[in-house]
Amino acid sequence: MGVIFIPVGLVTLRASHCVVEIVDRYDIDCVPEPSRMDKVSYIQDDSIPKNCSRFMKVHKYMKAPIYIYYQLDNYYQNHRRYVKSRSDKQLLDGQKYHDTSYCQPVESNNNRPIVPCGLIAWSLFNDTFEFIREGAELKVNRKNIAWKSDRGHKFGKNVYPFNFQNGTLIGGGKLNPEIPLSDQEDLIVWMRTSALPSFRKLYGRIEEDLDVDDVVVVNLMNNYNTYSFGGKKKLVLSTSSWLGGKNDFLGHACVFVGCSSLTLAIIFVLLHVKYRR
């Protein structure tokens, strides 16, 4: 086991270290100085512009495709009431399905059903990002960011948003009522809830290489409210390897298991030599 696990762990760690990542936390710096004492009032005031510019410097060559993620910290999508507040049958069949009791408290508005209903859809992430390099816009491919199985089997092709975000209390982003749910990939990505309080979700892909010392200007709209619960927002640019994104845990776990196995093997051999039958 030691001979197998240690090389596997080292190869896995090497693959993880080949991934180039740029992480930028923007939730604090994108609040104007006068409003930083009361960030909740700032984010809830629609009269204040929420546009913000950030600069991300490339320290190592990044080969396309470059994946764009937004990262949220201290956000408990795994809360039991939050996870249950959805209707999978409504997402697939639309208003034909009437039993949406699980969606409370976002079930209906003005005696009309909400599609999609529930707290998960209601809290849809709605910060937007635009990327510029050397004065030219970097095009972001936002197609195929959701799982193909989700698009094809969990969200209806003839189900359209209805009465969504029309109440007095607005949650996150709005949906285009002319586009079916199966094509609203931002929503599909968001509806796949995370098990941990810190998570990343795919926003899109940049399909151009980024060279060393390139400076990417990010024009973003800081719309999403994480201030009321002490959350953090980060923007991540990342390449990928044959193993996926950057994650050292699997490599460290394999090396640990391998070293533990070798140590136990040596101990057992010494015991066998010393205490023969």
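I sorted the lining of the second largest pocket by residue type and got nine nonpolar, three polar and six charged residues. The model I am working from is predicted.

**Second largest pocket**

I looked up the volume of the second largest pocket, and it is about 550 Å³. Its lining has 18 residues, and Tyr69, Phe199, Arg200, Lys201 and Leu202 are the closest to the centre. Which of them gives the most? I found that β9 does, with four residues.

**Largest pocket**

I then turned to the largest pocket. I noted about 840 Å³ of space in it. I read off 24 lining residues. Trp122, Ile170, Gly171, Gly172 and Asn225 lie nearest the centre of the largest pocket. I checked the helices next: α2 (39-44) and α5 (119-122) each bring at least two residues to this lining. How do the lining residues of the largest pocket divide? I have eleven nonpolar, eleven polar and two charged. For the second largest pocket I had written down six charged residues.

**Start of the chain**

Last, I opened the UniProt record. Its unreviewed entry annotates residues 1-18 as "signal peptide". Helix or strand there? I found 89% helix and 0% strand over residues 1-18.

Methods: Residues are numbered from 1 along each chain as its sequence is written. This is a predicted model: local features need pLDDT of at least 70, side-chain atom pairs count only at pLDDT 80 or more; totals for chains, interfaces and linings use all residues. Side-chain values use heavy atoms; hydrogens and water are left out. On a 1 Å grid over the protein atoms alone, a cavity is a set of points where a 1.4 Å probe fits but cannot get out, and a pocket is an open set with protein on both sides within 12 Å along at least five of seven lines; lining residues have an atom within 4 Å of a point. Grid points are joined across faces, edges and corners, and a volume is the space filled by probe spheres set on the points. Ala, Val, Leu, Ile, Met, Phe, Trp, Tyr, Cys and Pro count as nonpolar, Asp, Glu, Lys and Arg as charged, and the others, Gly among them, as polar. UniProt positions are given in the numbering used here, feature names are shortened, and annotations may be inferred rather than shown by experiment.
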